[in-house]
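User: Please take a close look at the contact surfaces in this model. I want one connected account, with the residues named.

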Amino acid sequence: MTIAAIQEEIIDEFSLFDDWLDKYEHIIEIGKELEPMDAGFQTEDNLVKGCQSQVWLHAAMEGEQLVFQANSDAIITKGLVALMVRVLSGHRPEEIAQADMAFIEAIGLHEHLSPTRSNGLASMVKKMKMFGLAYQAKQMK
Amino acid sequence: MITEQSSIAPFDVLEIRKDFPILEQEVYGKPLVYFDNAASSQKPIQVIDAISNYYLTTHSNIHRGVHFLSQKATQAYEDGREKMRAFINAEKTHEIIFTKGTTDAINLVAHSFGRSHLNAGDEVVISTMEHHSNIVPWQMICEEKGAKLRVIPINDAGELLMEEYKKLLNAKTKLVAVNHVSNALGTINPVKEIIALAHSHDIPVLIDGAQAAPHMQLDMQELDCDFYALSSHKMYGPTGVGILYGKEKWLEAIPPYQGGGEMIKTVTFEKTTYNELPHKFEAGTPNIAGGIGLGAAIDYLNNIGLENIAAHEHELLTYATEKLLAIEGIRIIGTAQEKASVVSFLQGDTHPYDTGTLLDKMGFALRTGHHCTEPLMNRFGISGTLRASFAVYNTKGEIDSMIKAVERAKAMLS
């Protein structure tokens, strides 16, 4: 599935909820289901620091695809992290670098991505795209 | 405690709420409950009207104008200063310096006192429970001067260890800077004793009173403090204005902070002589509307009576503490004997960001995080807390609904 198609799927999924708390209940569930990060990857180097909550992000190439693992110390942030991983992980670096993450706004969660929110999420998305760019550059060499 | 000569009407929180139209709104379809008062309180219509009327009828630049509006604006602004003098019972009106806020006031002292009175090897004493704004300015000037920052430790309840404080005072100590009330814990510190102990070594004291001013009667002459900093926006006044109180002898003894208009007597390219107090520390056109709005906020507080406000808030604090502790897994951070209306808490291992996000969606404005007190959070071995802080317009009913919301968030996150 393309990055755009996955985002469409998530938008559909969230359209079921008209109450804010139901939406967050779903995010919490997604957070709980996020595949645990390999313990060895949860390092200071992989830490994306936020003022309120922390995010860990690890990236590695598997064949042609860039694969992400991530975690957070707050469950709602973890749910949002899981959504980012679901959208971006397992795609080619150039696709990740160019991805338009419009679904966040479409499901009404863009407030979590504002830099002032300081939950590490905005920096994480930026970092995922940077990984995309970096691996793309590497491949072109 | 209502004194006999008090002309204060019986306290009626529902009447008071009518002065704060902002509280009537719904957020996310839920009634707004505003419990983030330690960050900033809401403004009554009396304050909003004073600012609005100033711009509608009186605005002009102050102090130097000969014309009617300038004199009227100057009078209104200087009335604000005099109201503040009376409010904190300072001896002289020119001991009240208008600043941008508490942070600005502390930076003024760190800069002006630090530059003139700190030398290599000297020490500045602060406490573990300081806001970053009463840590970083001292760190900066200490670094510049080769001076050292010494820190008063606290116990697990969040109270200063006074015996340890006494041991920190020595011939190298040049200043003590502590808060009156902790923004993160609510602890009311024994500032009178802190000041007296420092004075017995001839050491001046700065008190960060940002969290005290809206909650208790302040008396500079009784406290005998040398500097006292506070913010208008935490005491129902506008943002962008605050006060540095300084004893005349100290304000005379330290150099100006910023240079510019207003703060000069005469200027030539060879030499500038500085203006008298308070103008020496007030370079540039000040926040005129802010000073007038602050004056209106003081009138508002006086009209309700600080004893009444303190009693109401204490009742809310006691009520909220009891109700929160009845929820399984809740622990309160900051359990000092003497507390202002701040409850910092954690629920089990739940991250405060999670609970805070869910409470927001239920209409509750609480604060989550380290509250600009990272060293204090480190002392408790936590990354942050959820903080509910109460003001004159809050009700027990609002606390009841917060308790239900905390329980709901707990169920969702477990």
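Analyst: Start with a definition. A salt bridge here is a side-chain nitrogen of Lys or Arg within 4 Å of a carboxyl oxygen of Asp or Glu. By that rule, the interface of chain A and chain B has zero salt bridges. Keep in mind that this is a predicted model.

What, then, lies between chain A and chain B? Residue pairs in polar contact number four, counting pairs with both residues at pLDDT 80 or more. On the side of chain A that touches chain B, two helices, α2 (20-33) and α3 (75-88), each supply at least two residues. The largest share comes from α2(A), with six residues. By class, this side of chain A has eight nonpolar, five polar and six charged residues.

Now the extent of the contact. Chain A puts in 19 residues and chain B puts in 17. Together the chains bury about 1,600 Å², and carbon and sulfur atoms account for 59% of that. Three residues stand out on chain A: A:Trp20, A:Leu21 and A:Gln52. They supply 37% of the area that chain A buries against chain B, more than any other three residues.

Chain B also has an interface of its own. Its domain 1 takes in 13-38 + 305-413, and its domain 2 covers 50-302. The C-alpha centres of these two domains of chain B are 28 Å apart. In chain B, 36 residues of domain 1 are in contact with 32 residues of domain 2. The area buried between them is about 2,600 Å², with 56% from carbon and sulfur atoms. On the domain 1 side, B:Leu306, B:Leu376 and B:Arg379 supply 23% of the buried area, more than any other three residues.

How many salt bridges cross between the domains of chain B? The rule finds one. B:Arg379 also forms a salt bridge through its side chain, with B:Asp156, at 2.8 Å from N to O. Polar contacts across the domain interface of chain B come to 21 residue pairs, both residues at pLDDT 80 or more.

Which elements of domain 1 of chain B give two or more residues to this side? They are α11 (306-325), β14 (342-347) and α13 (374-380). Of the domain 1 side, α13(B) gives the most, with six residues. By class, the domain 1 side has 19 nonpolar, nine polar and eight charged residues.

Note on methods. Residues are numbered from 1 along each chain as its sequence is written. Chains are lettered from A and ligands numbered from 1 in the order in which they are written. This is a predicted model: local features need pLDDT of at least 70, side-chain atom pairs count only at pLDDT 80 or more; totals for chains, interfaces and linings use all residues. Side-chain values use heavy atoms; hydrogens and water are left out. Domain bounds come from an automatic or database domain assignment. Contact means heavy atoms within 4.5 Å. Buried area is the accessible area (1.4 Å probe) that two parts lose on being put together, summed over both. A polar contact is a pair of N or O atoms within 3.5 Å; within protein, one must be able to donate a hydrogen and the other to accept it, and residues adjacent in sequence count only if both atoms are side-chain atoms. Helices (H or I, at least four residues) and strands (E, at least two) are DSSP runs, numbered from the N terminus. Ala, Val, Leu, Ile, Met, Phe, Trp, Tyr, Cys and Pro count as nonpolar, Asp, Glu, Lys and Arg as charged, and the others, Gly among them, as polar.
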